[in-house]
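Have the structure open while you read.

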Amino acid sequence: MIQSNLLEINHLKINFPAENGTVEAVRDISFSLKKGETLGIVGESGSGKSVTSLSVMGLLPEAARLEGGEILFQPKSGDPVDLTKMTKPALRQLRGREIAMIFQEPMTSLNPVFRCGEQVAEAIRVQQKVSRDEAKRQVVSLFQKVKLPDPERMFRAYPHQLSGGQRQRVMIAMALSCNPSLLIADEPTSALDVTVQRSILDLLNELKNDWDGSVIFISHDLGVVAEVADRVLVMKNGEIVEQGGVAAIFQNPQHAYTRNLLKNFRHRTGKQVAVSDRKQDQPAATEPILAVKNLRSWFPGRRNFFGKTLDYVKAVDDVSFDVFKGETLGLVGESGSGKTTLGRSILNLLRPTGGDVIFENKNLAQLPENEWKGLRKDLQIIFQDPYASLNPRQPIGMAVTEPMRVHGILTTEKERREKALHLLETVGLDASHFWRLPHEFSGGQRQRICIARALALEPKFIVCDECVSSLDVTVQAQVLDLLKDLQQERGLTYIFISHDLSVVRLMSDRIAVMKNGKIEELGRAGEIWNHPKNTYTQQLLAAIPSGIVS
């Protein structure tokens, strides 16, 4: 092992058993990571990025088979060690103190029954042997560093009380808590809005300047990778197809796959295309399919000794807008702005505090629960966290057929199964995946399963809540094109929630910008993108990572 390297991976091979043989998840890959360096790893879902990082952490699933290779790591003291040959107790000693990881899906990484601050404090106490008060002080300081609002309140909050982006920032704080030598960041900003994403990227860059450690940064967002990485490694089907310096890879890619990734990135960010290829005129329909009027969703905040509520968190505060049949209304804003709460309040997954939601002349906000069953088929949601949306013990094909069975779609199981197979292929999966379980798929593949399940009921109206945030750019483009094609074919109507303004611009006819539970600005997509009137909207646009790609 070269002395200046923190990590060396040599001829690594990892397989998974499958129905028809073996899936080669990682195929004889080799690369190194220098001390103080940030290595970006990019590639489609299923390319082997996350499996490679899990092998370094010693957290491969039990079904995984390490067929060959070595992972050499240089601890803070002593000689290099081969992580593939270490015992589980020895690996546990390295994790946290020497090697830490920010996982892609924060809800599955946090214990739902413990407060967020206590979980981070526990990691600090175990590794640093400090008092409970000192651990809490460090946690509050870390929460401030990762830009969590009201760190004291966040310390006491449970994971379900935080937005997806806030939960991810808790995980970032936990990973940084013990000052590791190697930080593996697996899609750490995919669930964050652009302004918080910017603060996290700045934080990682600051960390790189002040800290003699290294970062492996996995992302499908080429703009983000271009801003944080020193070198880039491009993976496809378990192999490294290209690697080199950031400038060389992004300005002069040699491999056709890398060129295709860059092409999709430029299309999504509008670097070489017009403002939008979607219609910007008001939809022809004059009556809205959905009318939201003075909607409020408030949650109890502080309470006194007797349990009386002293104030409220106004997640959605007097919001009004219309959505017309066949259009896409984009909803953007920072984590905690109320986007997800608004979407769930519209569908009565969260009972609104007040206001009206009129869908096809029915007030959903006042509709009794026993009258909802007939409407659930027409109103669907694609959630942000795909793993939490799927039953881990249920084959994914059955997850797609189950809602059809509940709502009486088609008459036989054979017909439902055939439709499920078609939907899986439509969203870019293989029909042979029908009997596989959710843990056998990457995060992006799991999200496509959830999209197939939502489409199974042929709904009229879909709330897409960050439904492409975990997808790489090529699959993201396919799914967005799919959603647009389905919209045109079936007259679907979408509310498209995302922190990614570039994606919202491509998808939306109109855009609503939310902040602190209120709509700050609403208008046609082209006008919002090119001529934002509100200062907050201007800040969101200015924070979009562009990297060095032109």
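Arg137 is partly exposed, at 49% relative accessible area, in what is a predicted model. Its salt-bridge partner is Glu134, with the closest N and O atoms 2.8 Å apart. Glu134 is partly exposed as well, at 26%. Both sit in helix H5 (residues 132-145), 3 residues apart, so about one helical turn separates them.

The structure holds 13 salt bridges. Here are some of them:

| Pair | Closest N to O distance |
|---|---|
| Arg137 and Glu134 | 2.8 Å |
| Lys460 and Glu360 | 3.2 Å |

What does the Lys460 and Glu360 pair tie together? Lys460 lies in the loop between helix H17 (443-455) and strand E17 (461-465), while Glu360 is in the loop between E14 and E15, so the bridge links parts that are 100 residues apart in sequence. Lys460 is partly exposed at 34%, and Glu360 is partly exposed at 36%.

As for Glu67 and Arg65, Glu67 is partly exposed at 43% and Arg65 is partly exposed at 35%.

Now the sheet. Its 4 strands run in the order E12-E11-E14-E15, open, with antiparallel pairing. E12 (312-324) and E15 (362-363) are the edge strands: each has a single partner, so one side of each has no neighbour in the sheet. E11 (residues 288-300) is joined to E12 by 10 bridges, and Leu290 stands opposite Val323 in E12. Helix H12 (residues 339-346) packs on this sheet, touching E11, E12 and E14 (354-359), and its direction makes about 115 degrees with that of E11.

How values were computed:
Residues numbered from 1 in each chain as written. Predicted model: local features only at pLDDT ≥ 70, side-chain atom pairs only at ≥ 80, totals over all residues. Heavy atoms only, no water. Pairing = 2+ DSSP bridges. Helix = DSSP H or I, 4+ residues; strand = E, 2+ residues; numbered from the N terminus. Contact = heavy atoms within 4.5 Å. Axes fitted to C-alpha atoms, helices over the stretch in contact; angles between N-to-C directions. Salt bridge = Lys/Arg side-chain N within 4 Å of Asp/Glu carboxyl O. Buried < 20%, exposed > 50% of the residue type's maximum accessible area, 1.4 Å probe, protein only.
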